[in-house]
Amino acid sequence: MCRRLGATRLIYRARISNYVKAGLIDQAIQVFDQMSRSDCRVFSIDYNRFIGVLVRQTRFELAESYYYQMTLRGFSLTSFTYSRFVSGLCRVKNFALIDKLLPDMDKVGCMLDIWAGNIYLNLLCDENRVELAVEVLDRMVELGSEPDVVTYTILIDGLCKAGRFDAAVGMWHRMIGQGFVPDKIACTALVVGLCVGGKVDLAYDLIIDVMKGGQAEITRLIYNALISGFCKSGKIDKALAIKSFMGRNGCNPDVVTYNILLNYCCGKLMLEEGEKLMKRMERDGLQPDIYSYNELLKGLCKAKQFDRAYRLMMNEMQVKGLCDVVSYNTLMTAFSEDRHTGRAYKLFEEMCQKGIAPNVVTFTILINAFLRDGNSVIAKELLDQMSGMNILPDRILYTTIIDHFCKSGEVTIAENIFNDMVEKRIWPDVVLYNAIINGLCKSSKVKEAMHLYEQMQARGCHADEVTYKLIISGLIREKKLSVACKVWDEMMEKGFTLDSSISEMLISAIHSVDSAG
């Protein structure tokens, strides 16, 4: 009898295996169910294998169902199957089932292997649940699992992205204290994370020993992150020292390295240095790219050297095929801000003739310039042209138009445009709310302004100091002093302070009402 059942079990297992290999999972499920209902005993190994198949096929609902069926029969998954199950659930971010499986693992003395543990920690960090990730790591260590460099790298990266820089540095020291030598990925996570967070000096102090000792490969990404960090903090001498160091250590600067330095020099109007960097790139066998030229163009425009900027674009950038919409927008912005709207418009016509398609930024620059100059006819023509090219206005363009109509006293038109924008599900920010609230208050439409003030709060757009100033000033003019006091209280609760001139105006108005009474 036992031999017959054993042979039957082998037949069932063989059929299931063949169906799985053929990709016929539904048939394999049917055979497994037949096996479960037969006189042939199903063992824990059968459930482990079958749930493993379902996990590989991403049939997680069925895997969960068979898991509960298995546990009712007193069986348990192995650590290996649990690990594959959890790692599969991580791919679909099924935290609910993961949270059920982990305590079950604890009860039967199983733990995730390092591969699955790292996948789970990475998911937690990606979902900004770094506190839980650290707890999971501590629990893994407590259960005897040994973290590896990948584990620590995941947590260092997650902690940096969450702004937990001290904790990230602590994790770095913990990794080194465990005897691990950081690899280039761990170094990148630490340095890039700290530099993005404005902690370049700390990043340098931590990585310098690794750099000098040759313990790990220091990639261009790491060097560039340090150079960028020092440039952003205004320490150009340190940035240049890193550039020299990387060259001496067999990691030659690339175009990105030079572009970082170009960005700094052109932003600081060190245009001669910027031009030298461009020549140095070419001597080093590197070709400046479109970003390089656009940075130099931006610097020339910022220095109001418009003719040089135009010659650069025409004589070099266009000849090399390195002129794009950003290039034209940069020069158009400069002309517009210097009140040369006609020259900006000529550039627009030129770019269209040369087949460079304008974008919403292009139209925003021009529409803003023509509205500022009082030429609403051309502004309207540009809006129509934009619509004809299927370019949708963004929030910045809406803000430009609404602010113009509010300042021109045409608040009703501004309101209609505002409502049209919201209908298109383009949500206003505090700058746009302030523009229209200002227009409404100046047009004695304080009630409508209060409605917008309440609407912005309900939509999660927080009022700033300007919002409160506009609302309170409008309420004082309308003699709605009790409401003004209420808004003032809300303002103080949010940590803002009202201008002394407006607070004195409000107090004076209250005293006047009291005296009259």
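Which residues have the most contacts inside the largest nonpolar core? They are Phe-85, Trp-172, Leu-226 and Ile-472, in a core of 170 residues. The model is predicted, so local features need pLDDT of at least 70 and side-chain atom pairs count only at pLDDT 80 or more, while totals for chains, interfaces and linings use all residues. Residues are numbered from 1 along each chain as its sequence is written, and side-chain values use heavy atoms, with hydrogens and water left out.

**View 1. The largest nonpolar core and Phe-85.** A nonpolar core is a set of buried Ala, Val, Leu, Ile, Met, Phe, Trp, Tyr and Cys residues joined through side-chain atoms within 4.5 Å. Buried means under 20% relative accessible area, exposed means over 50%, and partly exposed lies in between (1.4 Å probe, protein chains only). The largest nonpolar core has 170 residues, and its largest share, 8 residues, comes from helix 15 (residues 255-267). Helices here are DSSP runs of H or I with at least four residues, numbered from the N terminus. Contact means heavy atoms within 4.5 Å. Not counting residues up to four places away in sequence, Phe-85 touches Ile-51, Val-55, Phe-60, Ala-63, Glu-64, Tyr-67, Leu-77, Leu-97 and Leu-101.

**View 2. Helix 7 and the helices it packs against.** Helix 7 covers residues 114-126. The expected span of a helix is 1.5 Å times one less than its number of residues. For the 13 residues of helix 7 this gives 18 Å, which agrees with the 18 Å between its end C-alpha atoms. Its buried residues are Ala-116, Gly-117, Asn-118, Tyr-120, Leu-121, Leu-123, Leu-124 and Cys-125. They pack against helix 5 (79-91), helix 6 (95-107), helix 8 (130-142) and helix 9 (149-161).

View 3. Most residues other than glycine have a negative phi. Asn-128 follows helix 7 and is placed in the loop between helix 7 and helix 8. Lys-479 lies in the loop between helix 27 (465-477) and helix 28 (481-493). Lys-479 counts as exposed because its relative accessibility is 70%.

**View 4. The loop residue Thr-219.** Thr-219 is found in the loop between helix 12 (200-213) and helix 13 (220-232). Is Thr-219 buried or exposed? Its relative accessibility is 15%, so Thr-219 counts as buried. Apart from neighbours within four places in sequence, Thr-219 is in contact with Lys-184, Thr-188 and Cys-251.

**View 5. Cysteines without a disulfide, Cys-195 and Cys-323.** A disulfide is a covalent bond between the sulfur atoms of two cysteines. Here it is counted as a pair of cysteine sulfur atoms within 2.5 Å. By this rule the count comes to 0 disulfides. For Cys-195, the nearest cysteine sulfur is that of Cys-160, 9.6 Å away. Cys-195 counts as buried because its relative accessibility is 9%. The sulfur of Cys-323 is 11 Å from the closest cysteine sulfur, in Cys-301, which is too far for a bond. Cys-323 has 14% relative accessibility, so Cys-323 counts as buried.

**View 6. Aromatic pairs around Phe-348.** Rings of Phe, Tyr and Trp (its six-membered ring) pair if their centres lie within 6.5 Å; planes under 30 degrees apart count as stacked, over 60 as edge-to-face and the rest as tilted. The whole structure has 13 aromatic pairs. In one of them, the ring centres of Tyr-345 and Phe-348 are 5.8 Å apart and the planes are at 40°, so this pair is tilted. Both residues lie in helix 20 (residues 341-353), 3 residues apart, about one turn of the helix. Tyr-345 is partly exposed, with a relative accessible area of 24%, whereas Phe-348 is buried, at 2%. Phe-348 also pairs with Phe-363 in an edge-to-face arrangement, 5.6 Å centre to centre with 70° between the planes. This second pair links distant parts of the chain, with Phe-348 in helix 20 and Phe-363 in helix 21 (residues 360-372), 15 residues apart. Phe-363 is buried, with a relative accessible area of 0%.

Notes
Helix = DSSP H or I, 4+ residues; strand = E, 2+ residues; numbered from the N terminus.
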